[in-house]
Amino acid sequence: MGGSLPSANQRVCAIGGAAGTVHAATGYMMCRMTQSTVYVSKAIASCLDQARTQGEAFNADAAARSVYDALWTKENRLQRDFCVFGGEYLMRQPVTGLRG
């Protein structure tokens, strides 16, 4: 967890660990990555269908943007920001207090 979100201006669409959604202690990355594959595949399929029905070439840039928008909705960004906030808060706490 932590760091900046993946860039929305590139063709490579990061998911899972590459997207900064790793939390090794809880397995959060696996849940988020598995869930996100549904949105990724639907976004790509929609762009492929649109190109086919309109008789145009597949636009990889538009597909990447569609995938990014599907993965990083406002709700998902807010949820990630909250998790990062929690992680940063815990990192500022004295270790002795966290051990219980």
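Me: What percentage of the contacts in the protein with a separation of 6 or more is accounted for by residues 24 or more positions apart?
Reply: A contact here means heavy atoms within 4.5 Å. Among the contacts with a separation of 6 or more, the share that belongs to residues 24 or more positions apart is 56%.

Me: What kind of model is this, and how are its residues numbered?
Reply: Side-chain values use heavy atoms, with hydrogens and water left out, and residues are numbered from 1 along each chain as its sequence is written. Local features need pLDDT of at least 70, side-chain atom pairs count only at pLDDT 80 or more, and totals for chains, interfaces and linings use all residues, since the model is predicted.

Me: In what order do the elements of the protein run from the N terminus on?
Reply: Helices (H or I, at least four residues) and strands (E, at least two) are DSSP runs, numbered from the N terminus. The protein has four helices and zero strands. From the N terminus on, the order is therefore α-α-α-α.

Me: How much of the protein is made up of buried residues?
Reply: Buried means under 20% relative accessible area, exposed over 50%, and partly exposed in between, with a 1.4 Å probe and protein chains only. Of the 100 residues in the protein, the buried ones make up 22%.

Me: Is S36 buried or exposed?
Reply: S36 is found in helix α1, which covers residues 28–54, and, not counting residues up to four places away in sequence, S36 touches I15 and L71. Because its relative accessibility is 6%, S36 counts as buried.

Me: Which residues does A43 touch, not counting residues up to four places away in sequence?
Reply: A43 has its place in helix α1 and, at 7% relative accessibility, counts as buried. A43 and V67 are 24 residues apart in sequence, and their C-alpha atoms are 5.4 Å apart in space. With residues up to four places away left out, A43 touches S66, V67 and A70.

Me: Why can the buried residues of α2 be said to line one face of the helix?
Reply: The buried residues of α2 are A63, A64, V67, Y68 and L71. Seen down the axis of α2, with the arc taken from the directions from the helix axis to the C-beta atoms, they line one face because they fall within an arc of 135°.

Me: How far apart are the end C-alpha atoms of helix α2?
Reply: The expected span of a helix is 1.5 Å times one less than its number of residues. For the 12 residues of helix α2, residues 60–71, this gives 16 Å. The end C-alpha atoms agree with that span, as their separation is 16 Å.

Me: Which residue has the backbone oxygen that the side chain of N76 reaches at 2.8 Å?
Reply: N76 lies in helix α3, residues 74–91, and counts as buried at 15% relative accessibility. Not counting residues up to four places away in sequence, N76 touches R32, A70 and L71. The backbone oxygen that its side chain reaches at 2.8 Å belongs to L71.

Note on methods
A polar contact is a pair of N or O atoms within 3.5 Å; within protein, one must be able to donate a hydrogen and the other to accept it, and residues adjacent in sequence count only if both atoms are side-chain atoms.
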